[in-house]
Amino acid sequence: MSAATIVRLGDIGSTMDTLHALAEGGAPAGTAVVARSQTAGRGSRGRSWTSPSGGLWLSVLSRPAIAGLELVSLRTGLAVAEALGRMGVGDRIRVKWPNDLMLDERKLGGILCEARWQGAALAWIVIGLGLNVENQPPPELTSRAARLGEVLPGATVETLVRPVVAAVRAVDAAAGPLTDAEHARFAARDWLRGRPILEPVAGTPLGVADDGALLVRRADGTTVAVRAGTIVIAEGAPASARSVT
């Protein structure tokens, strides 16, 4: 594989696992794997990810010398949300820290970044993206999960592959702290800002720090930086917001 390409596959285990194998064989940065469906798709903290036909299940290879996975995830989410916005969705798709895409009050997709190392050196990063498009979410998730076809009726996996892969490829995984311009872009699509949360720290999210940490103002007025954990929305927020984590 001499140049970055989009590898299209049918029903496979995981686009991430497939791309890790291609990366080990020397695939160049920018190589993407897209599957019709996944039987072993995964999300953050080892959760399984339902990936039937009709959704966009893809992974993109990056080979930066250095990277912060939290920033790669946030930058990818922002890039994809903006790309979909330009296709006619506007600002309805927002980014929920640290790695979710939200359509109004329901989860539309998620991002997972995995790094591989050779000794102390970073060898590559695989950026995985799952996006509900035409597929119907499982019955138990219909109140919490959205699909792009609801707001963009002409959207198909085929029409989305190239613009979404291009958006992910454009993410600079080696970039340093968030810039003022990136902070402004993220603030415009920050799903959590101002929504009281109970966990991982009780308080009100204010945005993100330069390093991608979630900034939460606690009841005593102090602000803490949160770098990991599952978000639990406080009672009083919309029911759908409380359950999408």
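Predicted model: local features only at pLDDT ≥ 70, side-chain atom pairs only at ≥ 80, totals over all residues.

Me: Is T15 buried or exposed?

Reply: T15 counts as buried, because its relative accessibility is 2%. Buried means under 20% relative accessible area, exposed over 50%, and partly exposed in between (1.4 Å probe, protein chains only).

Me: Which residues is T15 in contact with, leaving aside its neighbours within four places in sequence?

Reply: Contact means heavy atoms within 4.5 Å. By that rule T15 touches V33, V34, A35, Q38, W57, L58 and S59. T15 itself is found in helix α1.

Me: Which residues of α1 are buried?

Reply: Helices (H or I, at least four residues) and strands (E, at least two) are DSSP runs, numbered from the N terminus. α1 covers residues 15-24, and T15, M16, L19, H20 and A23 are its buried residues. Down the helix axis these buried residues fall within an arc of 135°, so they line one face of α1; the arc is that of the directions from the axis to the C-beta atoms. An α-helix has 3.6 residues a turn, so residues three or four places apart point the same way. On the other side of α1, A21 and E24 are exposed.

Me: What happens at the ends of α1?

Reply: At the N-terminal end, S14 is the cap, with a side-chain oxygen 3.1 Å from the backbone nitrogen of M16. After α1 comes G26, which has a positive phi near 105°.

Me: Which strands do the buried residues of α1 pack against?

Reply: They pack against β1 (6-12), β2 (32-38), β3 (56-62), β6 (106-118) and β7 (121-131).

Me: In what order do the seven strands lie in the open sheet?

Reply: Two strands pair if DSSP finds at least two bridges between them. The order is β1-β2-β3-β7-β6-β5-β4, with mixed pairing. The edge strands, each pairing on one side only, are β1 and β4 (93-96). From one strand to the next, the twist averages 20°. α1 packs on this sheet, and its direction makes about 25° with that of β3. Helix α3 (residues 157-169) also packs on the sheet, touching β1, β2, β3 and β7, and its direction makes about 25° with that of β3. For such angles, axes are lines fitted to C-alpha atoms, for helices over the stretch in contact, and angles run from 0 to 180 degrees between N-to-C directions.

Me: How many bridges link β1 and β2?

Reply: There are six, in the parallel sense, and I6 has A32 in β2 as its bridge partner. The chain goes from β1 through α1 to β2 in a right-handed β-α-β crossover. Right-handed means that, with the strands pointing away from the viewer, the path from the first strand over the helix to the second runs clockwise.

Me: What do the antiparallel pairs look like?

Reply: β3 and β7 pair over seven bridges, and L61 stands opposite V126 in β7. β6 and β7 pair over 10 bridges, with G110 partnered by G130 in β7. The hairpin of β6 and β7 has two residues between the strands, and G119 in its turn has a positive phi of about 70°. β5 (residues 100-103) pairs with β6 over four bridges. In the hairpin of β5 and β6, D104 takes a positive phi near 55°.

Me: What is the strand order in the open sheet of three strands?

Reply: The order is β9-β10-β11, with antiparallel pairing. β9 (204-208) and β11 (223-226) are the edge strands, and the twist averages 30° from one strand to the next. β10 (residues 214-217) and β11 share four bridges, and V216 stands opposite V224 in β11.

Me: Where is V80, and which residues does it contact beyond its neighbours within four places in sequence?

Reply: V80 sits in helix α2 (residues 69-89) and is buried, with a relative accessible area of 0%. Its contacts are L101, L129, V164 and V168.

Conventions: Residues numbered from 1 in each chain as written. Heavy atoms only, no water. Polar contact = N/O pair within 3.5 Å; in protein donor to acceptor, adjacent residues only side chain to side chain.
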